Amino acid sequence: MAKVRFTLNGKTLEAAAGSTILEAAQQNGVEIPTLCHDPRLKPTAACRLCLVEVEGARGTMPACVTSIAEGMVVRTATNELIKIRRMALELLLSDHYGDCVAPCKLACPAGIDVQGYIGLIANGQYREALKLIKETNPLPLVIGRVCPRFCETECRRNLVDEPIAINALKRFVADYDHSDGDPYIPEVKPATGHRVAIIGGGPAGLSAAYYLALEGHEVSIFESNPQAGGMLRYGIPEYRLPKEVLDKEIAIITGLCHQINLNVSLGKDFTIQGLKNSGYEAIFIALGAQESQSMRVEGEDLPDVLSGIGFLRDVVLKKELSLGQRLAVIGGGNTAIDAARTALRLGAGEVIVVYRRSREEMPANAEEIEQAKEEGVQFHFLANPVKIIAQNGRVASIECTKMALGEPDSSGRRRPEPIVGSEFTMEVDTVIAAIGQTIDASSFSQDGQIKFNRRRYIEANEETMETSLKGVFAGGDCVSGPATVVEAVAAGRRAAISINQYLSDQPVAPVGKPYNCIKGELDEIAISDYDDVVRIPRTKIPALAPKERWNNFNEIEFGFTEEMAKAETERCLACGCQDVFECKLRQLATEYNVDGDHYAGRKRHLPINKDEHPHILRDPNKCILCGRCVRICDEVQGIDALGFTNRGFDTMVEPTLGMPLAETRCVSCGQCVSTCPTGALTAKVQLPKPGPWKVETVSSICPYCGIGCNIELNVIGDKIVNVTSPIENPVNNGNLCQKGAFNPCSIHNLKRLRTPFIRRNGDLVEASWEEAIALAGEGLQKIRDRNGGDKLALLSSTQLTNEENYLVQKMARAALGTNNIGCLAIPAVDESLMKSLGKNASTCSYSDILSSDLILVIGCDITEDYPIISLKVREAVAKGSKLVVINPRATRLDSLARINLRVNSRTNLALLRAMLNYVITYDLVDRDFVQSRTTGFEDFAREMRRYPLEEVAGTFWVKPSRIIETIQLYAQAKRPVIVLNADTIKPAELTLISDLALITGNVGRDGAGIIALRTPGNAQGLIDMGVSPDHLPGQLPITDVAARRKFETTWHRSLPLEEGKDAIGIIEGVKKGNIQGILVFGTDTAGKMGNDIFQPPIFSVLVDTMLPEKPPYPNVVLPGANFAESEGTYTNCERRIQHLHRAIHPVSGKENWEVVSLLASALGYSMDYPSVSSIFAEIAGLVPIFKAGVYGKQWPFLEDGRFASQNGLAKFRLA
Amino acid sequence: MMLYKRDKRGGNWVIQVGLASCGIAAGGRKVYDAFSSELRDRKLDVDLKQTGCMGMCYNEVLVEVSSPEDEHVFYGHVTPDQVERIVVEHLIGGKSVAEWVIPADEVANLLAKQRRIVLRNCGTIDPESIDDYVDAGGYQGIQKVLHSMSPQEVIDEVTESGLRGRGGAGFPTGVKWGFARKSPGTQKYVICNGDEGDPGAFMDRSVLESDPHSVIEGMLIAGYAIGASEGYLYVRTEYPLAIHRLEIALAQARERGFIGEGILGSNFDFDISIRQGAGAFVCGEETALMMSIEGQRGMPRFRPPFPAQSGLWGKPTNINNVETLANVAWIILNGANAFNTCGTDRSKGTKVFALAGKIAHGGLIEVPMGITLREIVFDIGGGTSSGLALKAIQLGGPSGGIIPASLIDTPVDYESVTQTGAIMGSGGLIVMDESACVVDVAKFFLNFTQDESCGKCTFCRIGTVRMLEILDKITRGEGKEGDLEILEELAQGVKSSSLCGLGQTTPNPVLTTLRYFRSEYEAHIYEKKCPAKKCQALINYEIIAEKCPGCGLCAKYCPTGAISGRKKQPYVIDPEKCIRCGLCNSVCRLGAISVY
């Protein structure tokens, strides 16, 4: 291909001539941003993001439409261009109404993907949910119990009824994970050899340790207490967080660490410098804030005045405590409440919480305050102690001032101010001061260099956790002051990221925050948006009744049952955008660091019709008017179901005539979804909750017809979320039809067979694999040994992979000793192409349609049956190819056709004969071709002379001139392609079509030929793999002695010689009693044939994905795997051998090839393969055209330019 | 005095009534009918004719009476009840009705600086009569071309004339034709762009209504030159009279063999059909216009390819606007030199302007290129209609710019006008006096263009709306520091990065007002004042007690009852109730209302 040289950002480069600037840059690895371009579409230059500078041009140029030219000087990233792109993005975002991620995730300090894990719980994927949680929070057992739940405050469900019980759901999966004693332990990366010291085994330290250990670093924890856990252990009472639970979670983390040193204190037993000296390259300080703050009142030093945190720790350490009968707890935080409730449990007679503000301002969790009240804790608000009065050296009472609330202070809460002269006293004998905690600075006496901030906490960068010392990081309460567990976890994780960067010699930098579009704060959202949401009350978390909590420390809350959890997940509104992980707008907004509010103005807020289409969800609020959907529907599909309406700012994309999309001409191909760069068009997920999740993309092949479209199954765990298709693929260029785009997602809805069944007394009963396989083997073996292999038969399936079909026929021939091999999906294989042209397959490629100058579609409505091929025809016609359609009925391609021959299918043969006669009579014969590449012409020509067009013209109801025009077009075309449906065409017709191609020299050469399309997924592969009564793999006749010998050598068995029965013969054989045992694969069986083949006394074995619905039942039913559960190859209708990868585990635990191996073994024939690829290697060894390395490629129709017949010539045949 | 020297027919009296849309709207048909019945009743042998636009819109209904001695008198503001007296006194009595006649010197002033090429037949011939057109020398251009010129010679002649596209961009017409001619292909098209959508502009409408054949002839010559056989007249549906007269003209031309197969015995075939645009402003953009003809939503596409390479249905297409095409036959007949001796170095010929706004003599004029704005506004237009000082001139429609009075001596040619930040555009010229608030004016034009955006490209669709929102805020008194900077930033972005000409020129009114009247914007934002006292949120009304005699007229008119008082004592306005409609000010004859 011709090349042009051009300069791109100062570099001289080359690109294919005729490329646009965008493509030329892409060819050289430079991405120019665009939102409105899709390589499948004509460029439109609407989004204005691809503007570039071209030297000499007036103004900027859109790269998507401007052709590259020799010597062009292009700049793609000048400051001016970046400014323009930012402006474009900011303008788009100024009218973008939606939430990129749900507010719950944004509210979570640890950034847990709440919507994601709730969705997974809804889908029953508890392990996946836990994994997702643990990506940002290693302590779900703990946090699931003690989190203050910032997420629930922001939950949009607050606008409907009550927030989702998010934390209870987290606890549910965490508890579930531990319920079977096999908790999830993530994979650890290979050891890096770097050593990290973590000072403090509290939540921050444990989190950092977890994530650093996973990176492969050697982590050591230094903990001053006898056990790790920090405040989790010594601050949170047992009834909220049982130590046993805490221990489980800590055990997982310490299990990943190198060592944990207990009872060692910084400053006492070691120093930071000392750690460095002993080889720790990075140190994370997470000491917490464990010192109580002083009340600064008289009498504070009395023995009965305890600190809240000290009190709680002493309780855990089981120290002797003598509490009085009337106890005051000073403070309003969680520690105060914990202390009060603990004191009550320890037997204190009366506990009064004294707090200087009112209930509304209390920082403690509302629910815990409530529970404390239930348990009998009293509250005295708006009072502040000024003095503790002693009597006999013991506390006797406290003197308090009444307080009033003034103006709000810096925390936003109203400031308490003492009311002068309002002093009063309360008689108490014990005081617990829980007014706050601080850091123990004495730890650092020997490490003087570390800096502290004004509040006397360690100074550390908020984002990276770096301290003033190189390699020393700090986080958690010792940096932030007392905060929540989840904040400590977040700090620990952020520190781990920084430390990992530091250790791997990357610059320590905050993790980039993706751009987030938000609808607004809770009070800014229109409640009417949720009018259609069904009100469902929040699932109550089961808990001990207040009276059951008396005098014990049993855990109060029980957590959800599975049913409760599922029910609760149903309430989730799934606020975050479905497209968040793929959205191009978000990616570019992040890359260009834009401010979405820079041009803030009126945003359009449009209603969403969730029910307008079964597969497609349109959210016009996220539409950026790039028009890709409109254009793909028109330009590629020719459907025009979408269009622009209105003008200016109010321009919208809407379905035709404003109808619901499903009521337009929409064919549900999903192309609009595939091209939409944002979340404006998304595929409805066929799972209880839609995610979104970061999916694993597994490449596969669409099994729903023989075209062999390349698809990508996007998988989370064992669920297919949606289907996409890679644009760069030679078969379907990213285009799909409804079946490919949406059917794979619904496979989870099927009632799958999971275990073997055997027939007992006319009914099917569950059985073990061993039992079922043994029974199957025994039954078939008996018939083989007594009556011979020809009394056995095998029916295979076009859904099986090449490898599986190869094994199936191998088992039939080598183990069962029969050639009775057939397939009900193609009951009688039409071998006309093989007889005329050497192989039973298309002679040319789909791509030849695009380069053709004439397309002859015979006897099918390909738009209906093979939509993707019809797209190619459409594209070819747009490029200038001529189209002729020969079909009795109207087809959707008719409007594009030069000629439509509406010939009754009964007269097809007459038409073909007349056409051939015309070619011979008027000498349109390609003499050279006929002479050098074919045999049998003379006899054939003589016969055809008997059918002059003139004699039959009257029978067609078509003007003879149109027929002649068709022949002339075909004979004169340079690259004509015939497209036909091999499933429905009659053998005689196919024979004459081959003759027509031969006589005009339009087959067996570049660009010209016949494309024979087949409906079942791997029909071509089944033919190629020898699922045939008379052909071995490679379409080699069983009569071919040399070939047979080769197979016999490799298979170590002599093969049956006589031709077997095909599917029709087998069915007949069953009826006549010639067949006594049958082995059947696949779902294309029972439906078509009735269940006759399973009628006793025939011994039958079925391998299928679902149980037969009604009797008669087979003797043995073995669960089969579907395409998504299978690894292997399919061969499409252009002979392309394509890889499908296993996306999910087979529900039965076994792939089909493994089942076949088991069956073969049971028949006394070993067919052990280490892997699927080793099966293909065996095929490639036996059949040269499948030689290794053909994945993704086509096997050759011609061998060295010769037809695959013995003399290398094609053959004219009469029909 | 006459607009155009014409052959007299039979020595009769001739009465011509201006019946373009403007004349009809002013009641011209009734005047025509009145003359008709008066003449019939009195059995007078007088030629009563309809004609098109005479250019003096401010005087509609216009009637021209020409005596057998070739003396011409114009009557302005004619009503049906005046007809009898005109007939009796002027036609029978031989003496014009002096008090209704437009003074001859006024007409002379109007015409003195004009040069009528495009408008050569406007207001003189009957637009529904092909004979009138032919009598005036019509269809001689196409005859000349077919009989004595090769297509290339035609293109050379037009190129040499220096004619540039009058649609606004000013691309040399001959060069454009040359491109279309050179483009390979057997099927080519000529399109006449009659989708005139600028508020305040009516040049094309007037030409189509007054002289449709000149445009048809221009298309024929263009078709011959580029090798096209089909033409489309794209006219907006809001111009029913133009469409009606074009239909008549096409039928007549077809009947006479000026269009159709083998025109005038040559082997040149050309046919023309009318396509009505449904009122989308953007369809005046040529690529959108072609999509509209093709039956699709009118959305511009990026050029290249230019229409000359790939236009209508992908075929080479030449698009010219009405005024450009109306020049063509004249150039062919009179020669390139006759045209290019008029005008300036780079802008040849004449330009038609629609004078509107606060101008004394609003109407349709045609002037040689290079004439100054001062000459147009004051010498031809008679200055402002209000008597207030001239503040600014909006040139080029909503895509144009606002030129301050200080630049009144700017010569009107493509380059000079562009230098001011405005554009020549299609020729809308709106005069503003001191009572105009430029922020409000900029908002008006922006509101129009943002509403007319096709919605395709980001900058035009959203950027213009954000600009409008800022202007709106400013006029509501909610402007704040930084607004002008964002406004300017957006204006520059929209101008530099929009896809088509519509978007690229939308910010012009904002940019030019910011350039020439920034202090007025700042007064709105920082002082919360509208210097022109236009923006309601920024002005207050008060009654000056000393001047108020207590007549109560203002209180009677006040729609919200904000004015109260007792007779013969000064009234007062309640600022809470006042909606600043200004009615009080307009009814008070004593100047007792102060606006501040």
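## The interface between chains A and B

In this predicted model, the rule finds one salt bridge across the interface of chain A and chain B. The pair is formed by B:Glu452 and A:Arg647, whose closest N and O atoms are 3.4 Å apart, a distance that counts because the rule asks for a side-chain nitrogen of Lys or Arg within 4 Å of a carboxyl oxygen of Asp or Glu.

On the side of chain A that touches chain B, the elements that give two or more residues are β4 (61-62), α2 (79-94) and β23 (642-645) of chain A. The most is given by α2(A), with six residues. Sorted by class, this side of chain A holds 18 nonpolar, 10 polar and four charged residues. The contact as a whole takes 32 residues from chain A and 29 residues from chain B. The size of an interface is often given as the accessible area lost when the parts come together; for chain A and chain B the buried area is about 2,400 Å², of which 60% is on carbon and sulfur atoms.

## A salt bridge within chain A

Over all chains, a search of the whole structure finds 88 salt bridges. One of them lies within chain A, where A:Arg145 pairs with A:Asp175 and the closest N and O atoms are 3.2 Å apart. Because A:Arg145 belongs to helix α6 (residues 140-146) of chain A and A:Asp175 to helix α8 (residues 166-179) of chain A, this pair ties together parts that are 30 residues apart in sequence.

## A mixed sheet in chain B

Chain B contains an open sheet of four strands in the order β2-β1-β3-β4, with mixed pairing. Its edge strands are β2 (46-51) and β4 (72-75) of chain B, each of which pairs on one side only, and neighbouring strands of the sheet are turned against each other by 20° on average, direction ignored. Strand β3 (residues 63-66) of chain B runs antiparallel to β4(B) and is joined to that strand by four bridges; B:Val63, for instance, has B:Tyr75 as its bridge partner in β4(B).

Helix α2 (residues 28-41) of chain B lies across β1 (13-18), β2 and β3 of chain B, and runs at about 165° to β2(B).

## A parallel sheet in chain A

In chain A, an open sheet of five strands has the order β35-β34-β33-β37-β38, with parallel pairing. The edges are taken by β35 (899-901) and β38 (1009-1013) of chain A, each with a single partner strand, so one side of each is left without a neighbour in the sheet. From one strand to the next, the twist averages 15°. Strand β37 (residues 976-981) of chain A pairs with β38(A) in the parallel sense over five bridges, and in β38(A) the bridge partner of A:Asn981 is A:Leu1013.

## Backbone features in loops

A cis peptide bond, with omega of about 0°, joins A:Pro1111 and A:Pro1112, and A:Pro1112 is found in the loop between β42 (1099-1104) and β43 (1116-1119) of chain A. In chain B, the peptide bond from B:Pro304 to B:Pro305 is also cis, with omega near 0°, and B:Pro305 lies in the loop between α12 (286-293) and β8 (317-321) of chain B.

A:Leu657, a residue other than glycine, has a positive phi near 55°; A:Leu657 sits in the loop between β24 (652-655) and α21 (671-675) of chain A.

Note on methods:
Residues are numbered from 1 along each chain as its sequence is written. Chains are lettered from A and ligands numbered from 1 in the order in which they are written. This is a predicted model: local features need pLDDT of at least 70, side-chain atom pairs count only at pLDDT 80 or more; totals for chains, interfaces and linings use all residues. Side-chain values use heavy atoms; hydrogens and water are left out. Contact means heavy atoms within 4.5 Å. Buried area is the accessible area (1.4 Å probe) that two parts lose on being put together, summed over both. Ala, Val, Leu, Ile, Met, Phe, Trp, Tyr, Cys and Pro count as nonpolar, Asp, Glu, Lys and Arg as charged, and the others, Gly among them, as polar. Two strands pair if DSSP finds at least two bridges between them. Axes are lines fitted to C-alpha atoms, for helices over the stretch in contact, and angles run from 0 to 180 degrees between N-to-C directions.
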